[in-house]
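I opened my notebook to work through this fold one piece at a time. Here is what I looked up, in the order I got to it.

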Amino acid sequence: SKPIFRTKDDITVNEVVKIMVEKIGSLIIGNDKETIGIITERDLVKRMLYEGLDKVKTKAKDIMNNPIL
């Protein structure tokens, strides 16, 4: 099993990409008390590349999947 990485929803997608490239294939979004979403590699490809969103201006909360299934 791999460790679970978590971050807040207001970080930029640029920061999300840095974390995911260095460590993992998905990232839990939330805080110490609540999980509000997840971002996967597929989300990054679909939303950032295909839809052409700006990775510096776009926040994690803008591309995360919610609810987590």
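This is a predicted model: local features need pLDDT of at least 70, side-chain atom pairs count only at pLDDT 80 or more; totals for chains, interfaces and linings use all residues.

**A helix across the sheet**

I started with H1, which lies across E2 and E3 and runs at about 135° to E2.

Next I wanted the strand order. The sheet is open and has three strands, in the order E1-E2-E3, with mixed pairing.

Then I checked E2 (residues 26–30) against E3: they run antiparallel, and five bridges join them. Across that pairing, I found Leu27 opposite Ile39 in E3.

**Two helices packing**

How do H1 and H2 pack, at what angle and how far apart are their axes? I looked it up: H1 (residues 13–22) and H2 (residues 41–50) pack at an angle of about 145°, and their axes are 11 Å apart.

Then I listed who meets whom. From H1 come Val13, Val16, Val17 and Met20, and from H2 come Glu41, Leu44 and Met48. I sorted the residues of this contact by type and got six nonpolar, no polar and one charged.

**The two sides of H2**

Which residues of H2 are buried? I wrote down Asp43, Leu44 and Met48. Looking down the axis of H2, I saw that its buried residues fall within an arc of 95°, so they line one face of the helix. Leu44 and Met48 were already in my list of H2 residues that meet H1.

What covers those buried residues? The cover includes H1, strand E3 (35–40) and helix H3 (60–63). I then turned to the other side of H2, where Arg42, Leu49 and Tyr50 are exposed.

One more thing while I was there: just after H2, Gly52 takes a positive phi of about 75°.

**Thr12, in a loop**

Last stop was Thr12, in the loop between strand E1 (6–7) and H1. Is Thr12 buried or exposed? Its relative accessible area is 15%, and the cut-off for buried is under 20%, so Thr12 counts as buried.

I also looked for its contacts, leaving aside neighbours within four places in sequence. Thr12 is in contact with Lys55, Val56, Thr58 and Lys59.

Definitions and conventions
Residues are numbered from 1 along each chain as its sequence is written. Side-chain values use heavy atoms; hydrogens and water are left out. Axes are lines fitted to C-alpha atoms, for helices over the stretch in contact, and angles run from 0 to 180 degrees between N-to-C directions. Helices (H or I, at least four residues) and strands (E, at least two) are DSSP runs, numbered from the N terminus. Contact means heavy atoms within 4.5 Å. Ala, Val, Leu, Ile, Met, Phe, Trp, Tyr, Cys and Pro count as nonpolar, Asp, Glu, Lys and Arg as charged, and the others, Gly among them, as polar. Buried means under 20% relative accessible area, exposed over 50%, partly exposed in between (1.4 Å probe, protein chains only). The arc is that of the directions from the helix axis to the C-beta atoms. Two strands pair if DSSP finds at least two bridges between them.
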